[in-house]
Amino acid sequence: MKTQHSAAAVMSNEATGGSRSDWRNFLLLAFVGLPVVMVGAIAAYGFVVWFLQLAFFGPPS
Amino acid sequence: MRKLFRFIADLFLRPSVRIGLGVLVTGGFIAGVLSWQGFNTAMEATNKEEFCISCHTMHDNLLPELQKTVHWNNRSGVRARCPDCHVPHNFTDKVARKMQASREVWGHLVGTIGTREKFKEHRLVLAQREWARFSANGSKECRACHDYKDMDFDKMRPSSQVAMRSAAARDQSCVDCHKGVAHQLPEMKGARNPAFDTLVSNASGQSVSAGNEYYLVVPQDLFADEALTQRIGSVEVATQVKVLETKGDAQRIELALWRKNKGYGRVWYSNFGLNITSAILDKEMARDAGLVNVLASQEDPMTGLEWQQVKASAWMRKGSLIDSVEPIWTIARASYNTSCSVCHRQPDEAHFDTNTWPGLFAGMVGFTSIDQDTARVVLKYLQSHSSDFSTSQHGAGSPEGALQTARP
């Protein structure tokens with residue numbers, strides 16, 4: 001069992017690059033990736049509303 | 001590309017082996033709090049006066065103008081900053097407006113309004129855009145501070161009370177009347193009514209045949225020769241003319257109008273006894289028997305003046321005639337209804353007679369933002385639909401007899 005477990009751990013460590021890369025991925029995603037996506041999504045929302053105003057609705061009431 | 005997808009899929013689907021769930025959730029929570037706070041801080045920073053006037057167009061043009069008004073400083077020490085009026089306060093409209101500002105950033109980079117002169121040139125368009133926004137939302141931003149429900153009308157001057165009480169009853173947009181409260185007004189001189197563009201393009205597509213009657217969609221100069229070099233006068237918008245011939249870019253038209261036989265008789269009117277200006281000839285031409293053909297004379301019993309029925313032909317540039325006067329009246333009616341109802345209920349067209357309208361109109365038009373061309377059309381519309389031409393109740397005091405002789 002023990003050997004099996006450590007073998008699996010070694011395998012997964014090899015596949016993912018270990019806990020170090022887990023930490024790197026987590027921090028990049030939480031503090032860089034998702035905030036950028038959020039700002040992008042809000043900007044896209046703003047543009048869509050603006051274009052809808054231009055094309056159909058006119059200035060907001 | 002494939003690798004990137006694989007990486008993202010792994011990132012979301014494969015569980016972390018070494019980091020505890022609590023640590024991940026806590027870390028994500030903190031990151032979320034920080035980024036949302038950061039976003040709001042950035043929104044607030046771009047909504048500050050310092051940010052607005054950091055661009056020199058705002059700093060050099062709008063700020064000094066604002067500083068002369070009550071919105072900059074006043075006895076109570078409450079003041080309006082740029083975004084208080086110009087950025088919507090709720091989230092969706094605010095974000096949309098901020099994205100719309102990408103256009104302004106582009107304008108700043110290209111230098112569309114980089115100098116005071118350029119700014120003044122564009123000012124009317126910019127102002128109209130902002131007025132349209134205020135009229136659509138009922139001046140919501142103004143009313144964040146000045147709302148009808150919080151006004152004590154009794155404390156207003158009596159003359160203000162009349163206007164404000166009826167405005168409140170109609171829930172009227174503030175900027176309908178209060179234009180130019182925080183910045184200088186644009187020069188209306190170059191203003192054009194875009195409605196005329198359609199009319200002019202319709203006119204250029206109008207097929208014109210000799211011998212038929214048409215109406216002018218814009219005022220035109222009249223010439224004695226086909227080369228259009230010798231100017232003899234001008235003909236007004238919505239005047240009915242008969243086309244005699246078309247040669248190249250020029251068109252010979254016949255005017256059949258009336259004039260007062262007094263002085264030079266330069267101003268020609270469309271009907272007997274009614275001051276609806278239709279053409280204005282130059283001094284020498286108006287008395288030229290070779291040009292002007294007097295058909296008949298008649299005395300107006302109201303004024304004792306002698307009126308002459310006159311006929312003349314002249315050349316003008318082609319492409320400004322249409323076969324029906326109704327499209328012109330439609331524009332005039334729309335303009336009359338919107339511009340005049342801003343401050344009071346507009347009187348019925350037939351409430352006054354033709355010769356009363358010009359005086360009334362001249363007294364009121366200064367309070368509106370109607371441009372000169374539109375004003376001429378609106379006046380002519382009112383005169384042509386006055387009690388003199390109406391069969392309704394209002395027609396009582398009209399010079400009925402005069403009209404019967406003028407009409408065929």
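Start by selecting B:Trp329. Setting aside its neighbours within four places in sequence, B:Trp329 is in contact with B:Ala238, B:Val377, B:Lys380, B:Tyr381, B:Ser384 and B:His385. Before you click on, keep in mind that you're looking at a predicted model.

B:Trp329 belongs to the largest nonpolar core, a group of 24 residues. Which members touch the most others in this core? Colour B:Leu199, B:Ile328, B:Trp329, B:Tyr336 and B:Leu382 and you have them. Next, show the helices of chain B: α9 (195-204), α11 (326-341), α12 (357-364) and α13 (372-384) each supply at least two residues of this core. Why does the core lie between two domains? Colour domain 2 (206-322) and domain 3 (326-406) of chain B separately: both give residues to the core, so it lies between them.

There's another core to find. Select B:Leu216, B:Ala279, B:Val292 and B:Met316, which are among the 22 residues of a second, separate core.

Time to switch to the other chain. Hide chain B for a moment and look at chain A by itself. Chain A has 61 residues, and 21% of them are buried.

Bring chain B back and look at where the chains meet. The contact takes 31 residues from chain B and 26 residues from chain A. Together the two chains bury about 2500 Å² between them, with 77% of it on carbon and sulfur atoms. On the chain B side, select B:Arg18, B:Ile19 and B:Met99: these lose the most area to chain A, together accounting for 19% of what that side buries.

For the last stop, pick B:Lys140. You'll find B:Lys140 in the loop between α7 (116-136) and α8 (158-170) of chain B. Is B:Lys140 buried, partly exposed or exposed? Its relative accessibility is 42%, so B:Lys140 counts as partly exposed, since that label covers values between 20% and 50%. Show what's around this lysine: leaving aside neighbours within four places in sequence, B:Lys140 is in contact with A:Ser61 and B:Asn90. Finally, draw a distance from B:Lys140 to B:Ala9. These residues are 131 apart along the chain, and their C-alpha atoms are separated by 46 Å.

Technical notes:
Residues numbered from 1 in each chain as written. Chains lettered and ligands numbered in written order. Predicted model: local features only at pLDDT ≥ 70, side-chain atom pairs only at ≥ 80, totals over all residues. Heavy atoms only, no water. Helix = DSSP H or I, 4+ residues; strand = E, 2+ residues; numbered from the N terminus. Buried < 20%, exposed > 50% of the residue type's maximum accessible area, 1.4 Å probe, protein only. Contact = heavy atoms within 4.5 Å. Core = buried A, V, L, I, M, F, W, Y, C linked by side-chain atoms within 4.5 Å. Domains from an automatic or database assignment. Buried area = accessible area lost by both parts, 1.4 Å probe.
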